[in-house]
Amino acid sequence: MAFSMSRRCLRLSLRAGERLPASLCWRIEQGYVWLARWSVGLDPLTLGVWGPGEVVIPALIGLSGLELRTLSPIVVEEEEPSSLMEREFLEEQLRQAAILLMLSRVRPAEARLLQLLDWFGTRFGTMTSQGVMLTFGEKLLTHQQLADIAGVTRVTVTKALTSFRQAGVIAGQTGGSLLLRVPPSELL
């Protein structure tokens, strides 16, 4: 008689700002995660952002110092990755890395932040008649989260968002959403 034990997968519900083990494969059911490489004395290097329905497999990147952090409250389930899932993740990772590399070269920092918001709108936003509605779970990302992802300071983010609001480029919405009133970028 042969016994086969099925592997039990983890299912986690976490708050914003918590870490997930970067050594496992995760399917995101709800919420958003951010993968970054952290080095002592340096700012985090953003490697990608994933949302509902997506799979993230940080171990395939092959770098040390990777951290997978929650950007919003999340529900994730551990997956046993197939070779197809691994290939699709690496293809998506390559696309995101190219976009993030292009974004890192945008100057001034305010323009970089606006292009990051545009990219988020393209990936995760909802098109409305007024523009792109952007939410990350229950609210928009904090100024510090945006600063870390964009590679700028929190003060720069705060000043830029204030300037964007005054210029009518963005508008805060009830429920913590952000309305981005610029047309989607053709650069990204």
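What follows is a short chat about this predicted model.

Trainee: Where does Ser 177 lie?
Mentor: Ser 177 sits in the loop between strand 11 (170-172) and strand 12 (178-180). Helices (H or I, at least four residues) and strands (E, at least two) are DSSP runs, numbered from the N terminus.

Trainee: Is Ser 177 buried or exposed?
Mentor: Ser 177 is buried, because its relative accessible area is 13%. Buried means under 20%, exposed over 50%, and partly exposed in between (1.4 Å probe, protein chains only).

Trainee: Which side chain has a polar contact with Ser 177?
Mentor: That of Thr 135, at 2.9 Å. A polar contact is a pair of N or O atoms within 3.5 Å; within protein, one must be able to donate a hydrogen and the other to accept it, and residues adjacent in sequence count only if both atoms are side-chain atoms.

Trainee: Switching to the core. How many residues are in the largest nonpolar one?
Mentor: The largest nonpolar core has 32 residues, and Leu 116, Phe 120, Phe 136, Leu 146 and Leu 161 have the most contacts inside it. Helix 2 gives the largest share, 6 residues. Such a core is a set of buried Ala, Val, Leu, Ile, Met, Phe, Trp, Tyr and Cys residues joined through side-chain atoms within 4.5 Å.

Trainee: And what does Phe 120 contact?
Mentor: Leaving aside neighbours within four places in sequence, the contacts of Phe 120 include Val 49, Leu 134 and Phe 136. Contact means heavy atoms within 4.5 Å.

Trainee: Now the open sheet. What is its strand order?
Mentor: The open sheet of 4 strands runs 1-8-3-6, with antiparallel pairing. Two strands pair if DSSP finds at least two bridges between them.

Trainee: Which strands stand at the edges?
Mentor: Strand 1 (11-14) and strand 6 (55-56); each has a single partner strand, so one side of each is left without a neighbour in the sheet.

Trainee: How many bridges join strand 3 to strand 8?
Mentor: There are 5. Arg 27 has Glu 77 in strand 8 as its bridge partner.

Trainee: What about strand 5?
Mentor: In strand 5 (residues 45-50), 5 of the 6 residues are buried. Strand 5 pairs with strand 4 in the antiparallel sense over 5 bridges.

Key. Residues numbered from 1 in each chain as written. Predicted model: local features only at pLDDT ≥ 70, side-chain atom pairs only at ≥ 80, totals over all residues. Heavy atoms only, no water.
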